[in-house]
Amino acid sequence: MRRYRDERCLSQEYMASKLGISQSTYQKIETGRVNVTKERLIEIANILGKEMEDFLPNSRKNTIDKSDIDALKEIIALQATEIKELKLLLSQKA
């Protein structure tokens, strides 16, 4: 939850105000010290522009399989190649 909030550059105070609760209560939700209802989780997901399933630990969305890892490795390799090409272009211009 915090990662998604940080991605959107939102404060705990902002989240709490949107939910109509105190900042300390929101902090307890975020740290897992307070259980939330499905409805509250949907509210939080909506504010953060996510789906409720993004917050569920056993959700298929939160798992990475071998094909995902292979795709990520390919993307990283392509980006590394692009970086090398850009560095070469920059050195030629200098």
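Author: Contact means heavy atoms within 4.5 Å. Helices (H or I, at least four residues) and strands (E, at least two) are DSSP runs, numbered from the N terminus. The model is a predicted one, in which local features need pLDDT of at least 70, side-chain atom pairs count only at pLDDT 80 or more, and totals for chains, interfaces and linings use all residues. Residues are numbered from 1 along each chain as its sequence is written, and side-chain values use heavy atoms, with hydrogens and water left out.

Reader: Which helices are included in what covers the buried residues of H4?

Author: Buried means under 20% relative accessible area, exposed over 50%, and partly exposed in between (1.4 Å probe, protein chains only). In helix H4, which spans residues 38-48, the residues that are buried are Leu-41, Ile-44, Ala-45, Ile-47 and Leu-48. The cover over the buried residues of H4 includes helix H1 (2-7), helix H2 (12-19) and helix H3 (23-30).

Reader: What arc around the axis do the buried residues of H4 cover?

Author: The residues in question are Leu-41, Ile-44, Ala-45, Ile-47 and Leu-48, which are buried in H4. The arc is that of the directions from the helix axis to the C-beta atoms. These residues lie on the same side of H4, because they cover an arc of only 160°.

Reader: Which residues are exposed on the other side of H4?

Author: Just after H4 comes Gly-49, with a positive phi of about 70°. Within H4, on the other side, the exposed residues are Lys-38, Glu-39 and Asn-46.

Reader: Which residues does Leu-48 contact, leaving aside its neighbours within four places in sequence?

Author: Leu-48 is found in helix H4 and counts as buried at 2% relative accessibility. From Leu-48 to Ser-67, 19 residues apart in sequence, the C-alpha to C-alpha separation is 28 Å. With neighbours within four places in sequence left aside, the contacts of Leu-48 are Met-1, Tyr-4, Arg-5, Arg-8, Leu-10, Met-15 and Phe-55.

Reader: How is H2 oriented to H4?

Author: Axes are lines fitted to C-alpha atoms, for helices over the stretch in contact, and angles run from 0 to 180 degrees between N-to-C directions. H2 and H4 pack with their axes 11 Å apart, at an angle of about 125°. Angles under 35 degrees count as roughly parallel, over 145 as roughly antiparallel, 65 to 115 as roughly perpendicular and the rest as oblique. The angle therefore makes H2, relative to H4, oblique.

Reader: How many nonpolar, polar and charged residues does the contact of H2 with H4 have?

Author: The contact is made by Tyr-14, Met-15, Lys-18 and Leu-19 of H2, together with Arg-40, Glu-43, Ile-44, Ile-47 and Leu-48 of H4. Ala, Val, Leu, Ile, Met, Phe, Trp, Tyr, Cys and Pro count as nonpolar, Asp, Glu, Lys and Arg as charged, and the others, Gly among them, as polar. By class, the contact of H2 with H4 has six nonpolar, no polar and three charged residues.

Reader: How are H2 and H3 oriented to each other?

Author: H2 and H3 pack with their axes 8 Å apart, and the angle is about 105°. The two helices, H2 and H3, are therefore roughly perpendicular.

Reader: Which residues of H2 and H3 make the contact?

Author: The residues of the contact of H2 with H3 divide into four nonpolar, three polar and two charged. H2 contributes Gln-12, Glu-13, Met-15, Ala-16 and Leu-19. From H3, the contact is made by Gln-23, Tyr-26, Gln-27 and Glu-30.

Reader: Why do the buried residues of H3 line one face of the helix?

Author: In H3, the residues that are buried are Tyr-26, Ile-29 and Glu-30. They line one face of the helix because, seen down the axis of H3, they fall within an arc of 95°.

Reader: Is Glu-30 buried or exposed?

Author: Glu-30 is placed in helix H3. Not counting residues up to four places away in sequence, Glu-30 touches Met-1, Arg-2, Arg-5 and Gln-12. With a relative accessible area of 15%, Glu-30 is buried.

Reader: Where is Cys-9?

Author: Cys-9 has a positive phi of about 55° although it is not a glycine. Its relative accessible area is 70%, so Cys-9 is exposed. The place of Cys-9 is the loop between H1 and H2.
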